[in-house]
Amino acid sequence: MAGTTERAAREERRELQTERLRDTVAHAYENVPFYRERLDEAGVSAEDVQSVDDLERLPFTTKEHFRDEYPDGLLAVDDDELLRIHASSGTTGKPKIVGYTERDLGLWHEVMARSMAAAGIGADDTVQNAYGYGLFTGGLGFHGGAEELGATVIPSGSGNTGRQVELARDLESDALACTPSYALYFAETAREMGVDPRELPLSTVLYGAEPCTEPMREELEERLGAVGIENYGLSELIGPGVAVECREAQDGMHIWEDHFYPEVIDPTTGETLPEGEEGELVLTSLSKEALPVLRYRTGDLTSLTYEECACGRTTARMNGVTGRADDLLVVRGVNLYPSQVEDVVLEFDAVAPYYRIDLYREDELDRMELTVELTGGFDGDREALCKGVLERLENTLSVRPDALELVEYGTIERTEVGKVKRVYDHR
Ligand code: DLL
């Protein structure tokens, strides 16, 4: 039973994890030449896995491996056993191809249904699913979970926002599933149509797929008059459904550890880090058939806690992703993540949750330009605001943008489809 799994004693879950890990290693070894070679090189076999602590002896898998093994080198089953294929496109190179057997799809629907239940969604609710349908795992992932839960799903997909606002109003959607940037866009569009988004029946936003700082979440909740619940996942592991916040505590995302085993490592040395320390999240699938994944380096930066949550669930929890290891911006030698800039600028009430960072190289030097939007109807002192933002950035991040432009509300391009882009590196 789902409830029992989520609240099981950690020791009990550990036994299950060990058993599943051993099976996963054996399955990968027998059916994926890529893993066989790498496990042989590392001198580890399934029999050596006595407990989950032995995981550290296994080599990492990276996104480059997915690219090198394109299209199907990492699949552990024959094509005829696949029921579904999705793909996740990066900014460069070949997409990562991921496959699902019937059992994998069942697992996916189960973890998604569990996630939605933890978010407070029930069988009586109507979920408007504005994640993109198609190769992206967001749309079909939430769709399958909502159906498994017995909720009503409106497969609106991404885009067509005016229509979506009407649907939410006329069909009385209880939950909106979408990226955080789309949730804001949705609220804005509603306002333009003369609909007060806070008056819509929506009470939950199931957001995810891109980073969202705490001030951004507050903004989203405020604009939609709904509770924002964060979801985390990635195609390589299954799609959405790896981790989710609970509605009771909203205090870190519960990782469905009976299926996905988390570790956090130092991205430079590869060493496992202790609870609470921030590093790169590494995930191992424990029950996947078509695509078992051993120690996948997600590139996502976060930290873990194993303390029991106020909601009574005993799973490990991950904090919000602060950035991706490959999002790190080095500006004149100073390291910073876009989310840190977001945290600072959104502290100012006069600033709307839209910004962009442009980086250039001029005379061998980095030049950083920051553009932020003012809230509608701002009539305060712009110069003082500019000065305040610049000083705050310099004091908190040790970086002072070379130019800060305050633009009118609505100037920065909105993202209606796909993931938001905020950094433009022209160097
Ligand atoms: O974005 C799966 C997903 C769909 C998750 C809908 C949640 C909701 P991919 O397209 O493969 O899969 O992208 C995975 O997106 O490695 C993170 O960098 C980022 N990501 C996903 N969720 C979050 C989140 C889906 N809550 C990549 N916060 C991951 C920050 C996230 N980044």
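Predicted model: local features only at pLDDT ≥ 70, side-chain atom pairs only at ≥ 80, totals over all residues.
Local features need pLDDT of at least 70 and side-chain atom pairs count only at pLDDT 80 or more, while totals for chains, interfaces and linings use all residues. Residues are numbered from 1 along each chain as its sequence is written, and side-chain values use heavy atoms, with hydrogens and water left out.

**Ligand shell**

- The ligand has 22 residues around it, and Glu-230, Asn-231, Ser-235, Asp-300 and Lys-419 come nearest (a residue counts if one of its heavy atoms lies within 4 Å).
- β7 (227-234) and α6 (137-149) each supply at least two shell residues (elements are DSSP runs, helices being H or I of at least four residues and strands E of at least two, numbered from the N terminus).
- The largest share, five residues, comes from β7.
- The shell has nine nonpolar, seven polar and six charged residues (Ala, Val, Leu, Ile, Met, Phe, Trp, Tyr, Cys and Pro are nonpolar, Asp, Glu, Lys and Arg charged, and the others, Gly among them, polar).

**Side-chain contacts to the ligand**

- A side-chain N or O atom of Glu-230 is 2.8 Å from a nitrogen atom of the ligand.
- A polar side-chain atom of Arg-324 lies 3.2 Å from a ligand oxygen atom.
- For Ser-88, a side-chain N or O atom is 3.5 Å from an oxygen atom of the ligand.

**Second largest pocket**

- Cys-212, Thr-213, Glu-214, Asn-319 and Gly-320 lie nearest the centre of this pocket, which is lined by 21 residues (on a 1 Å grid over the protein atoms alone, a pocket is an open set of points where a 1.4 Å probe fits, with protein on both sides within 12 Å along at least five of seven lines; lining residues have an atom within 4 Å of a point).
- α9 (214-224) and α10 (338-345) are the elements that give two or more residues to the lining.
- The lining divides into seven nonpolar, eight polar and six charged residues.

Terms used:
Polar contact = N/O pair within 3.5 Å; in protein donor to acceptor, adjacent residues only side chain to side chain.
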